[in-house]
Amino acid sequence: MAKPVVDHDECIGDGLCEQICPEVFELREDGLAYVVNEKPNEDLKGRIDEAIEECPTGAISWEE
Ligand code: SF4
């Protein structure tokens, strides 16, 4: 399965992805979001997709 990735050149650290799916995204003190679960279960896919859609800078994507 593909894994979600955050492009740190694009992330502005608003923490929206963590709010939507804290099982996968974590906003750290450096002001960037990190993927903390690179092998998310199928049941998280919907909320990861939601985070991808809601991210204001389009910093999150699926990587094969
Ligand atoms: S929603 Fe996008 S910009 Fe906001 S913290 Fe997550 S990756 Fe960064």
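Which strand is P4 found in? I looked this up and found P4 in strand β1, residues 3-6. Helices (H or I, at least four residues) and strands (E, at least two) are DSSP runs numbered from the N terminus.

**Basis.** I am working with a predicted model, in which local features need pLDDT of at least 70 and side-chain atom pairs count only at pLDDT 80 or more, while totals for chains, interfaces and linings use all residues. Residues are numbered from 1 along each chain as its sequence is written, and side-chain values use heavy atoms, with hydrogens and water left out.

**P4.** I checked burial, where buried means under 20% relative accessible area, exposed over 50%, and partly exposed in between (1.4 Å probe, protein chains only). P4 counts as buried because its relative accessibility is 1%. I then listed contacts, meaning heavy atoms within 4.5 Å. Not counting residues up to four places away in sequence, P4 touches V24, F25, V35, N37, E38, P40, I48, S61 and W62. From P4 to C55, 51 residues along the chain, the C-alpha separation is 13 Å.

In soluble globular proteins, nonpolar side chains tend to be buried together. For V24, leaving aside neighbours within four places in sequence, I noted contacts with P4, Y34, V35, V36, N37, P40, L44 and I48.

**Shell residues.** I found C11 in the loop between β1 and α1. C11 is buried because its relative accessible area is 17%. Leaving aside neighbours within four places in sequence, C11 is in contact with V6, G31, L32, A33, T57 and A59. C11 and L32 lie 6.2 Å apart, C-alpha to C-alpha, at 21 residues apart in sequence.

G15 is also in the loop between β1 and α1, and its relative accessible area of 7% makes it buried. Its C-alpha is 5.8 Å from that of L27, 12 residues apart in sequence.

I60 is in strand β4, residues 60-63, and is buried at 5% relative accessible area. Beyond four places in sequence, I60 touches V5, V6, C17, F25, A51, I52 and C55. I also noted that I60 and K45 are 13 Å apart, C-alpha to C-alpha, and 15 residues apart in sequence.
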